[in-house]
Amino acid sequence: MALRFFNTYSREIEEFEPRDPAARPIKMYTCGPTVYSRAHIGNFRAYIFEDLLQRHLELRGYKVNRVMNITDVEDKTIRGAREAGVPLRKFTEQFKEAFFEDARTLRIKRANEHPAATDKRYIDRMIEMISELISKGLAYQADDKSVYFRINKFPDYGKLAHFDLTQLQSTGRVKHDEYDKEHIGDFALWKAWDEADGDVKWDSQWGPGRPGWHIECSAMSTALLGDQIDIHCGGVDNIFPHHEAEIAQSEGVTGKKFVRYWLHCAHLLVDGQKMAKSLGNFYTVPDVLAKGYTGRELRYALLRVHYRVPLNFTWEGMEESRQALTRIDEWLARLGEVEKKENAQPPRLNAQRPTEAFEEALDDDLNISAALGFLFESIRETNRAMDQNEMDAASARAWLDWWQRINAVLDLEPETDVAIPDEVAQLAQQRENARREKNWKRSDELRKQILGLGWEVRDTKDGQKLTRGAGSA
Ligand code: AMP
Ligand code: ZN
């Protein structure tokens, strides 16, 4: 059966047809972390859902070109840097590193690109897009010197969120600081500098200022993936206003349909409430590790429920995850034993062979609960066959091969200390030399080569550290 997803835009399950039938990579944009503090595991539920999506597309033979941005300038990062009394870049760097570290712990594949909003290339693109929007009458500079998007001029505004603009109008102008806008729903594209911004500012034809959060994603997406992409993801809280604004900005500039499929995951909850920084009810990855759980166990706990169903985080849930993984480990060990007994006692019957049921469940809007249901049913069945000595070596091998195949999506291999291959170690050595010579270009090339071999190199105060990373450069 064909691959199909629930598209937030149409509110319907749609068959997946990539934009480019010539089988060029699928273009996927995923909104990344705002690096003003360490991401919580609610954020990681969103990133794990995106990881599952990418891996399943790959299992189904697609190549995926994924971009995940880093939001390193917006209100919260500026406030944080100011309160900490350090420059913005220094402030955000620590959380950016923490994000990559946690993502590795959770075995989330690195995106092909992780652009940062403050990179000059993207700031230039944001400015370019804003001027284009002004020239088309879709944006205006208000008395407060900030530039706003004029939502009344974009008839599709509200279509993603299924939002009625007249309702927005009827609420009146509630916030006094929005007096400059023509419409309460107009959102900032460029925020004029004020004292609270300190030295965080860029020059523009509208005076010094900084970009609004929404334009950052439109600029990075169109700069790296072009005017049109296949899939755009985030958590449901991103639908409005963030993704609605992204559509207005990107389509306002290009005149082309920005995204084909919008996929959003439901929230991770704590006691029935959204896990959020502002509510103080959150855990980070290190918080969970400190309780004695592994990244693999947390990955499983965040992965196991269908992405459109809210997931309540509990410690009992973590225990269940641990038990589920133990069952998998014991099953794999047993299959391994049977596989080795090639000429031992001949089995009376061949145990059931694996089918495509796991992949087919994922084809159905990533129905991971059904896919895992099938995995555990297979474990039960094959364990019974092994109990009764009805499994032969070839069947055991077929199940082990099947596990390898589905594990490309799950990535739940037991944790092992893997030796660093010679080739990787040599490249790392060359990179260290390049860095000593301050040859940053070469060092970056080598980092990418190492990443291509499935390893990740990090620079710490004790020198380079190599870890097994997923994905390629
Ligand atoms: P932020 O750093 O706040 O921009 O959020 C990063 C990503 O995490 C976005 O895609 C959000 O929609 C998502 N997100 C935030 N809180 C949760 C949560 N409790 N559960 C699932 N996803 C979330
Ligand atoms: Zn975004």
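Is arginine 296 buried or exposed? I began with this residue of the predicted model. Arginine 296 has a relative accessibility of 7% and therefore counts as buried, the cut-off being under 20%.

**Entry 1: the salt bridge of arginine 296**

I looked up the partner of arginine 296 and found aspartate 329, with the closest N and O atoms of the salt bridge 2.6 Å apart. The two residues are 33 apart and link distant parts of the chain, arginine 296 lying in helix α9 (residues 295-303) and aspartate 329 in helix α10 (residues 315-340). Aspartate 329 has a relative accessibility of 26% and counts as partly exposed.

**Entry 2: other salt bridges**

I recorded a total of 41 salt bridges in the structure. Two further pairs were inspected individually.

For aspartate 197 and arginine 210, I noted an N to O distance of 3.4 Å in the salt bridge between their side chains. Aspartate 197 belongs to the loop between β7 (188-192) and β8 (209-211), and arginine 210 to strand β8, so the pair ties together parts that are 13 residues apart in sequence. Both ends were then checked for accessibility: aspartate 197 is buried at 6%, and arginine 210 is buried at 7%.

For lysine 159 and aspartate 156, the N to O distance is 2.8 Å. Here lysine 159 is partly exposed at 42% relative accessibility, and aspartate 156 is partly exposed at 29%.

I also listed one network of salt bridges, which links Asp51, Arg55, Arg107, Arg299 and Asp411.

**Entry 3: the zinc ion**

Which residues coordinate the zinc ion (ligand 2)? I found Cys31 through SG, Cys217 through SG and His242 through NE2, at 2.0 to 2.2 Å. The spacing of these donor residues in sequence is C-x185-C-x24-H. Cysteine 31 sits in the loop between β3 (26-30) and α1 (41-59), whereas histidine 242 sits in helix α7 (residues 239-254); the pair links distant parts of the chain, 211 residues apart. I noted that cysteine 31 and histidine 242 are both buried.

Helix α7 also holds proline 241. The peptide bond that joins phenylalanine 240 to proline 241 is cis, with omega about 0°.

**Entry 4: helix α6**

I next examined α6 (residues 213-225), a helix of 13 residues. From first C-alpha to last, α6 reaches 19 Å, close to the 18 Å expected. Of its 13 residues, 11 are buried, so the helix is largely enclosed by the rest of the structure. The buried residues include Cys217, together with His214, Glu216 and Met220. Just after α6, I found glycine 226 with a positive phi of about 90°.

**Entry 5: helix α4**

Helix α4 (residues 120-135) has 16 residues and spans 23 Å between its first and last C-alpha, close to an expected 22 Å. Its buried residues include Tyr122, Arg125, Met129 and Leu133. What covers the buried residues of α4? I found β5 (139-141), β6 (147-149), β7, β8, α6 and α7 among the covering elements. Just after α4, glycine 137 takes a positive phi of about 80°.

**Entry 6: nonpolar cores**

I then turned to the largest nonpolar core, which has 123 residues. The members that touch the most other members are Phe44, Ile231, Trp331, Leu375 and Leu410. Helix α1 supplies the largest share of this core, with 9 residues. At least three residues come from each of domain 1 (4-265) and domain 2 (285-410).

I listed the contacts of phenylalanine 44, leaving out residues up to four places away in sequence. Among them are Phe99, Leu106, Ile108, Val285 and Leu302. Another core, of 8 residues, lies apart from the largest one; its members include Ala428, Ala434, Ile450 and Trp455.

Lysine 145 is a residue other than glycine with a positive phi, near 80°. I placed lysine 145 in the loop between β5 and β6. Aspartate 365, also not a glycine, has a positive phi near 50°. Aspartate 365 lies in the loop between α11 (357-363) and α12 (368-387). With a relative accessible area of 2%, aspartate 365 is buried.

Terms used:
Residues are numbered from 1 along each chain as its sequence is written. Chains are lettered from A and ligands numbered from 1 in the order in which they are written. This is a predicted model: local features need pLDDT of at least 70, side-chain atom pairs count only at pLDDT 80 or more; totals for chains, interfaces and linings use all residues. Side-chain values use heavy atoms; hydrogens and water are left out. A salt bridge is a side-chain nitrogen of Lys or Arg within 4 Å of a carboxyl oxygen of Asp or Glu. Buried means under 20% relative accessible area, exposed over 50%, partly exposed in between (1.4 Å probe, protein chains only). Helices (H or I, at least four residues) and strands (E, at least two) are DSSP runs, numbered from the N terminus. Donors are N, O and S atoms within 2.8 Å of the metal (3.2 Å for Na, K and Ca); water is not among the atoms, so sites may look incomplete. The expected span of a helix is 1.5 Å times one less than its number of residues. A nonpolar core is a set of buried Ala, Val, Leu, Ile, Met, Phe, Trp, Tyr and Cys residues joined through side-chain atoms within 4.5 Å. Domain bounds come from an automatic or database domain assignment. Contact means heavy atoms within 4.5 Å.
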